[in-house]
Amino acid sequence: MACIEARGLRKAFGATVALDGVNLRVEEGRILGLIGPNGAGKTTALNAILGLTPYQGELKVLERDPWSERDQLMRDVCFIADVAVLPRWARVSQLLDYVAGVHPRFDRARAEGFLAKTTIRRTSRVRELSKGMVTQLHLALVMAIDARLLLLDEPTLGLDILYRKQFYDSLLNDYFDRNRTIVVATHQVEEIEHVLTDVMFIDRGRIVFDRSMEEVEPRYLEVMVRPEQAAAARALKPMHERQAIGGSVLLFDGVDRQRLAALGDVRTPSIADLFVAVMGNQPGQAQGAL
Amino acid sequence: MNTQSNTVPGTPLEAQVTAPAVIPATRRMYWSVQRELWESRSIYIAPLAVAGLILFGFLISTIRLPGKMRAALALDPMAQHKLLAQPYDFAALAIMGATFVVAVFYCLDALHGERRDRSILFWKSLPVSDLTTVLSKASIPLVVLPLLTFAITVVTQWIMLLLSAAVLLGSGLSVATLWTQLSLSEMWPMLLYHLLAVHSLWYAPIFCWLLLVSAWARRAAFLWAGLPVLAIALVEKIAFNTTHFAAMLGNRMGGGAEAVTVPGSSPMDPMTHLTPGHFLSSAGLWIGLVLAAVFLAAAVRLRRYQGPI
């Protein structure tokens with residue numbers, strides 16, 4: 001069952017094309033990383049999925065049309081945006097009261113339980129909290145909602161490393177299960193790589209890479225090659241080559257592991273390296289799917 | 001799209017979709033209004049502050065009250081009433097004026113502030129429709145503020161009366177004249193009628209216009225609220241050398257007095273004749289309400305498209 005399904009999703013702001021015929025399908029129970037440079041269309045794609053912006057093309061989220069059914073859809077979908085969007089005037093207790101008042105799937109006791117593990121006081125106003133605490137508060141509210149789809153748009157931007165790590169640890173340990181789907185849009189690949197089940201690269205409004213992590217691991221390999229073997233390695237048509245201390249690192253798509261092992265140390269590339277390789281292979285115009 | 005998989009019956013996913021837990025619309029509305037009161041505390045702080053000032057001033061004025069009462073006793077009932085009821089009328093007018101100003105500023109910020117501070121992204125991530133949100137915001141000037149004004153005025157006038165009674169009794173004078181001349185039992189229904197008829201119904205298009213501007217303007221909502229109005233009046237004056245639009249606006253702002261009460265009299269004056277039949281059948285009222293509904297519908301639609309600014 002697809003949680004999100006888009007066909008030919010298009011969105012333009014005047015002459016700027018933010019989404020250029022996006023096709024995507026996200027199955028239930030996945031954690032998808034939507035990765036792209038700034039301005040690639042990540043936020044626009046999330047906004048379309050959330051029913052915050054009109055679009056052309058077909059889009060179904062949990063079998064609903066997000067633009068015409070936003071309020072019903074939000075019973076099953078949660079969202080944390082790129083910067084703290086909690087109202088600064090609100091007290092923590094007021095936010096708990098309000099969400100409990102309007103959201104049928106909010107479990108107040110659960111939210112209080114998450115907050116008890118933090119130093120956030122119930123009487124504090126949002127404006128008095130640090131950026132990290134605001135994110136903790138938002139996460140506590142969202143994790144207490146029994147939603148089926150959680151969308152995160154650069155949720156840890158501007159947070160220090162402790163809060164960032166804690167954020168994803170909480171999500172994985174206290175929230176995620178096989179009935180929920182999480183989509184994380186970010187350009188900071190490293191910190192989410194280990195939590196993802198699927199990865200998508202988006203560039204200039206197009207999905208240019210769409211694989212599950214199980215597919216990525218056997219298929220893409222990175223070899224550290226000493227200069228004398230560089231020519232032999234290049235003959236195998238690497239996707240990407242970068243220089244490192246003591247030689248070159250070449251990234252291959254679908255080349256046999258045994259053959260590569262003869263050339264040097266073989267390892268699975270990080271998503272960041274794969275991202276650089278895929279983006280480097282994009283033609284100048286936004287034409288290219290892989 | 002994907003109609004085959006959508007119509008597969010009996011999947012757990014589908015079962016969840018068709019049986020969502022339900023929160024009644026009235027409860028969503030209640031919490032939406034509650035959140036406005038949390039955010040804009042001036043809604044109740046401003047009239048309470050004015051009431052406090054009035055009581056403070058009135059307390060000082062009670063020093064002169066016994067002398068004023070003795071003077072009043074020599075006058076005819078009409079003049080007596082005018083002299084004694086004046087501070088009470090003034091209190092009601094001052095509180096009303098304060099809440100009107102609060103309503104104007106509230107409306108101009110209501111759909112603008114949430115876009116400015118980006119919290120609209122949070123509000124829109126909750127299962128509350130744009131219609132519910134806009135209606136909850138419109139209910140502040142149209143329902144909450146008139147009723148609040150009434151409650152605060154009644155309490156203020158009661159305290160004024162109790163203070164007066166204490167002072168009069170202390171100086172050996174009778175409270176009876178004051179009580180009969182004030183005739184609060186007639187004054188209060190009149191006040192409530194005035195608030196609902198004028199501040200809620202008659203002013204509805206003004207408040208809804210301000211809400212629409214706050215949903216539309218990216219900045220300087222105050223300016224955008226006034227400029228089109230000025231422009232229309234100006235073009236009319238130059239093109240036709242008439243001032244119908246300005247006159248119509250003046251009539252609206254002036255409270256449509258001829259439709260409500262006898263012109264030129266205080267709304268709390270017991271001599272005033274209520275004309276609810278005349279008011280409810282006046283074209284001005286209904287045209288205004290239709291306009292208010294159009295403005296609100298446009299504001300709902302705008303909020304759907306608008307994101308943070």
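The legends below describe close-up views of a predicted model. Local features need pLDDT of at least 70, side-chain atom pairs count only at pLDDT 80 or more, and totals for chains, interfaces and linings use all residues. Residues are numbered from 1 along each chain as its sequence is written, and chains are lettered from A and ligands numbered from 1 in the order in which they are written.

**View 1. The two domains of chain A.** Chain A is assigned domain 1 (2-204) and domain 2 (215-280). These bounds come from an automatic or database domain assignment. The C-alpha centres of domain 1 and domain 2 of chain A lie 34 Å apart. Seven residues from domain 1 of chain A and seven residues from domain 2 of chain A make the contact. Two residues are in contact if their C-beta atoms, placed from the backbone, lie within 7 Å. On the domain 1 side, strand β8 (residues 198-203) of chain A gives the largest share, three residues. Helices (H or I, at least four residues) and strands (E, at least two) are DSSP runs, numbered from the N terminus. That side of domain 1 of chain A divides into four nonpolar, no polar and three charged residues. Here Ala, Val, Leu, Ile, Met, Phe, Trp, Tyr, Cys and Pro count as nonpolar, Asp, Glu, Lys and Arg as charged, and the others, Gly among them, as polar.

**View 2. Where chain A meets chain B.** In this interface, 32 residues of chain A are in contact with 29 residues of chain B. On the chain A side, the elements giving two or more residues are β1 (2-13), β4 (56-61), α2 (70-73), β5 (77-80) and α3 (92-102). The largest share, five residues, comes from α3(A). By class, the chain A side has 18 nonpolar, four polar and 10 charged residues.

**View 3. Helix α1 of chain A.** Nine of the nine residues of helix α1 (residues 42-50) of chain A are buried, so this helix is largely enclosed by the rest of the structure. A residue is buried if 20 or more other C-beta atoms lie within 10 Å of its own, exposed if 12 or fewer, and partly exposed in between, with C-beta atoms placed from the backbone. The buried set includes Lys42(A), Thr43(A), Thr44(A) and Asn47(A). Also in this set are Ala45(A), Leu46(A), Ala48(A), Ile49(A) and Leu50(A). Just after α1(A), Gly51(A) takes a positive phi of about 75°.

**View 4. Val22 and its neighbours in chain A.** Val22(A) is found in strand β2 (residues 16-27) of chain A. Val22(A) is buried, with 24 other C-beta atoms within 10 Å. Not counting residues up to four places away in sequence, Val22(A) touches Ala6(A), Leu9(A), Ala45(A), Arg206(A) and Ile207(A). Val22(A) and Leu62(A) are 40 residues apart in sequence and 18 Å apart in space, C-alpha to C-alpha.

**View 5. Helices α4 and α6 of chain B.** Chain B has 16 helices and zero strands. Of its 309 residues, 34% count as buried. The axes of α4 (residues 42-61) and α6 (residues 77-116) of chain B come within 9 Å and cross at roughly 155°. Axes are lines fitted to C-alpha atoms, for helices over the stretch in contact, and angles run from 0 to 180 degrees between N-to-C directions. α4(B) and α6(B) are therefore roughly antiparallel, a term for angles over 145 degrees. α4(B) passes α6(B) in a right-handed crossing. A crossing is right-handed if the near helix is turned clockwise from the far one by less than a right angle, and left-handed if anticlockwise. Residues of α4(B) in the contact include Ile43(B), Val50(B), Ile54(B) and Phe58(B). Among those from α6(B) are Ala91(B), Ile95(B), Val102(B) and Tyr106(B). The contact of α4(B) with α6(B) has 14 nonpolar, two polar and no charged residues.

**View 6. Helices α8 and α10 of chain B.** The axes of α8 (residues 130-170) and α10 (residues 184-202) of chain B come within 9 Å and cross at roughly 160°. α8(B) and α10(B) are therefore roughly antiparallel to each other. The crossing of α8(B) past α10(B) is right-handed. From α8(B), the contact includes Leu142(B), Pro146(B), Phe150(B) and Gln157(B). From α10(B), it includes Trp188(B), Leu192(B), Leu195(B) and His199(B). By class, this contact of α8(B) with α10(B) has 11 nonpolar, five polar and no charged residues.

Terms used
Parallel < 35°, antiparallel > 145°, perpendicular 65-115°, else oblique.
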